[in-house]
Amino acid sequence: MAAVQETVDRVRRIDVDQYRYGFETVIESDKAPKGLSEDTVRFISAKKNEPAWMLEWRLEAYRRWLTMAEPKWARVNYPKIDYQDLYYYSAPKRKELASLDEVDPEILKTYEKLGIPLREVEILEGVVRKDGEGAPERRIAVDAVFDSVSVATTFQKELKQAGVIFMPISEAIREHPDLVKKYLGTVVPTSDNFFATLNSAVFSDGSFVYVPPGVRCPMELSTYFRINERNTGQFERTLIIADKGAYVSYLEGCTAPQRDENQLHAAVVELVTLDDAEIKYSTVQNWYPGNSEGKGGIYNFVTKRGDCRGNNSKISWTQVETGSAITWKYPSCILRGDNSRGEFYSIAISNGHQQVDSGTKMIHLGKNTTSRIISKGIAAGVSQNTYRGLVTAHRKATGARNFTACDSLLIGDKCGAHTVPYIEAKNSSALFEHEATTSKISEDVLFYCVQRGLSQEEAVGLVVNGFVKDVLQQLPMEFAVEAQKLISISLEGSVG
Amino acid sequence: MNLALAKTETGRALSDAFALARDRLPGAGSVADARQQAFEAYEGAGLPHRRIEDWKYTDLRVLMREVLPLAAAPDAAALTRAGAALKLHAIEGVRRLVLVDGVFAPKLSETANLEKGLGIRTLREVLQAGDAALQAQLFAPDSSNPLVALNSAMMTDGIVIDVADGAVLTQPLHIVHIASGAQSAAMFTRSLLNLGRAASATLVESYIAADGAKAYQAHDSLILSIGDNARLDQVRLIEDGREAFNISSSVVTLGAAAYLNTFAITSGSYVSRYQAVIAFAGEGSRVETNGVNLLNGRQHADSTLVLDHAVPNCTSREIFRSVVDDRGHSVFQGRIIVRPDAQKTDAKMMTRALLLSDEAEADNKPELEIFADDVTCGHGATTGALDESLLFYLRARGLSEKEAQALLIQAFVGEAIESIANDALREIVISAAERWLEARG
């Protein structure tokens, strides 16, 4: 109860239609000329001091992109994007940095405001720890990406000791070319889809993680993405490899300033697990969703895919999607190794004029592979919220198992909640179960709560938090606290 | 991108076929114009393929490749063969209305002594001399679906049934589509049933082939208009020849407080596609739409059902079962749409597939598209093999492997078949399912 009260108090302090992270940081930045051409690709590659093979890889993707058409099948509507009217590279002006102290104080302030500690002594806000409770301190290594570049990565030393490589992908391309060459584009090929191909051509930064065999990453890794500059697209690329028997938990957060125009974010995330390895990937997506009239906001067109390449490996996606004007993303698992497991836990909340078309793909290829999908969609305002998911068992995937539950909650009579599952079984020993429900919050339940002294809004908060509990439990603790607050804020103004 | 693909050989061959057939198609003036428009709509899209979302699992460019030429009217020999086939599939106590190779066969049909309030005409008559309103109704189905458009362009005959307000028909109507086997050809039929206010009727549709019928194509469509407080019980039996194609569409509208119980069983044909759009136009109505696919060999059966809740306070239930053996491929696509004002909608859909072989495939796509908040909607889907422990239990009690399987399959499809409200119709479906199980050996 206390937590709910706190959440509600917090919501109170915020006016309707106010996005917490909507401020802008005024700093000088270094931009590529507007528009997209081979020269832009070369410019980005040169800025990053990339080796020739990387430039070739980008150019090949760019040439292919020219032949592709934007996908139209998702249930989202937006005006045509002019790809020549965007900046594809923007970086805060800086010298070579020796330590964090040299980072532009404005940027540090930005991350402070966002609650992301770039100084190693700090921990994420929101962790409630009572005095005398001797819980071990949880530490998180953060890679902060500001527009197109990574500005700081914390806890480098300690990670190095464990043998974990965690660095901006631009550095990894220079320092660990063999690893990057071996894995980059093997999960999401450059030809995969329109936005992934665009990303392959112009991606500017992102995180690279390699956890060597048998290592359990000593702390949670995190990347915080911030779009700051006007008219820029953000194209980050994340590549995480868990070698045999390794484990890593990775968190991702994102925000952007409030602007009237829409901004494009087209990221690619690739995960690879080898034998007995596990990756847990959590996202709290809170890009600017646009104002109450549906003006502005981020177009979030993201390709995320994990490849359980080894036997007995596991990939788990957890996402809390509250932001973005449009979300188009399907974190997927290719269950290639025998006995591998894929999980997808999602809370997708849409309010105002937001449009969400999100879900997952579980592709069962190996023997005795299992997957689980829990999706909770909440639609309020005049938003449209679609779950789109694929579960498929290949001919040779004997003993494949899937359980899917997708529930939608409608708040208000102007919104829409849709479910589009694809269930394909090409193997008789595959066992698939799927269930979906759509309903509104029961009047009886609300009445019961209100009668016991809760306001209408508190009551809705309580019910919603109960509705999404299954997924929240999957999040690392710091994120769970943050996500819970976010959910309440996202639904602010949707009742009454 | 798809436009270039649409202009394949198939598309062109068909344009020629339409030009050739045009003179033989009934109706002039506005009917001919409507045909031309529908044909253009079809030609713009061509045969649907897997890149079109609704046809993702049934790629007709691969499976069907081409639309066969229009079948010739049946001669005496064809009618004799059809008569023999009819005897094998006869149903007791029904009023039989027979279409052979897409043409109404009066000698095989019973059109005399009609019950009070029942009117029967052929599509040919109505298109040639019917009133304009009825003709417009016949051309109402949405041409955005390419095969509905093709059917509108090419329809040659069918049954047009009118049941007056308040008429309660005791004798079921049985529309039988027979392919005589004389030629590898396509038949295009369209039937219509206008059920008046508080009227009640029972309709059976069968698709069968005479002995030796080859790779023919049956393109059928049915328009059902169910009046306020009316009730329709309907069963479809697809028992076409094993090389045949069956492409059927239904367009159904229900008035207020109406009731529809419809069931489709597919055990025949090589490739079949049944696409139904059921729309609620009046409040307080209820629809139960259920079906069973029983497939083996290389059969492919696709059931695509859309339930359109456009008005408040309606209820729909869907139960679908598919049993797939050998290299069969069963597809179920169900979509429940709840429009913005359709509050208090109660819609449920359940689809289950049973795979009997390692090469069998079942694809399910149960969709919910919901724009109103005060609703309860849900769907469920499962896929799996026969339960080993149940099989073991039955084997331990002395049943053979096949017998044990048959018993479990019967129970599996029985859940859907039980939903048929009309006793006589339920018996008809049970015997069709038994025929399939027996043929399985």
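In which sense do β17(B) and β19(B) pair, and over how many bridges? The points below take up this question after some remarks on the two chains.

1. The model is predicted. Chain A holds twelve helices and 24 strands, while eleven helices and 19 strands are found in chain B.

2. Burial and contact range. Of the 496 residues in chain A, 55% are buried. For chain B, buried residues are 55% of 441. In chain A, 84% of the contacts between residues at least 6 apart in sequence join residues at least 24 apart. In chain B, residues 24 or more positions apart account for 84% of the contacts with a separation of 6 or more.

3. Dimensions of chain B. Along the principal axes, the C-alpha atoms of chain B fill a box of roughly 70 × 55 × 50 Å. The radius of gyration of chain B is 21 Å, which agrees with a compact globule, because a globule of 441 residues would have a value near 22 Å.

4. The opening question. β17(B) and β19(B) pair in the parallel sense, and nine bridges join them. One of the positions can be named: Lys348(B) has Gly378(B) in β19(B) as its bridge partner.

5. Met350(B). This residue belongs to strand β17 of chain B. Met350(B) counts as buried because it has 20 C-beta neighbours inside 10 Å, and the cut-off for buried is 20 or more. Apart from neighbours within four places in sequence, the contacts of Met350(B) are Glu318(B), Ile319(B), His379(B) and Gly380(B).

6. The contact between the chains. Chain B gives 33 residues to the contact and chain A gives 30. By class, the side of chain B that touches chain A has 15 nonpolar, nine polar and nine charged residues.

7. Strand β24 of chain A, residues 431-440, runs antiparallel to β19(B), and seven bridges join the two. The bridge partner of His434(A) is Ala381(B), and that of Glu435(A) is Gly380(B).

8. A helix crossing in chain B. The axes of helix α3 (residues 30-45) and helix α8 (residues 146-154) of chain B come within 8 Å and cross at roughly 150 degrees. The crossing of α3(B) and α8(B) is left-handed. On the α3(B) side, the contact is made by Ala34(B), Arg35(B), Ala38(B), Phe39(B), Ala41(B), Tyr42(B) and Ala45(B). The α8(B) side supplies Pro146(B), Ala149(B), Leu150(B), Ser152(B) and Ala153(B). Ten of the contact residues are nonpolar, one is polar and one is charged.

9. Distance between two of the sites. How far apart are Met350(B) and Ala38(B), in sequence and in space? They are 312 residues apart in sequence and 34 Å apart from C-alpha to C-alpha. Ala38(B) is one of the α3(B) residues in the helix contact, whereas Met350(B) sits in β17 of chain B.

10. Two asparagines with positive phi. Asn113(B), a residue other than glycine, has a positive phi near 50 degrees. Asn113(B) is in the loop between β2 (103-104) and β3 (118-122) of chain B. Asn113(B) counts as exposed because 8 C-beta neighbours lie inside 10 Å. Asn313(B) counts as partly exposed because 17 C-beta neighbours lie inside 10 Å.

Key: Residues numbered from 1 in each chain as written. Chains lettered and ligands numbered in written order. Predicted model: local features only at pLDDT ≥ 70, side-chain atom pairs only at ≥ 80, totals over all residues. Axes fitted to C-alpha atoms, helices over the stretch in contact; angles between N-to-C directions. Helix = DSSP H or I, 4+ residues; strand = E, 2+ residues; numbered from the N terminus. Left-handed = near helix turned anticlockwise from the far one by under 90°. Contact = placed C-beta atoms within 7 Å. Nonpolar A, V, L, I, M, F, W, Y, C, P; charged D, E, K, R; others polar. Rg over C-alpha atoms; globule rule 2.2 N^0.38 Å. Buried ≥ 20, exposed ≤ 12 C-beta atoms within 10 Å, placed from the backbone. Pairing = 2+ DSSP bridges.
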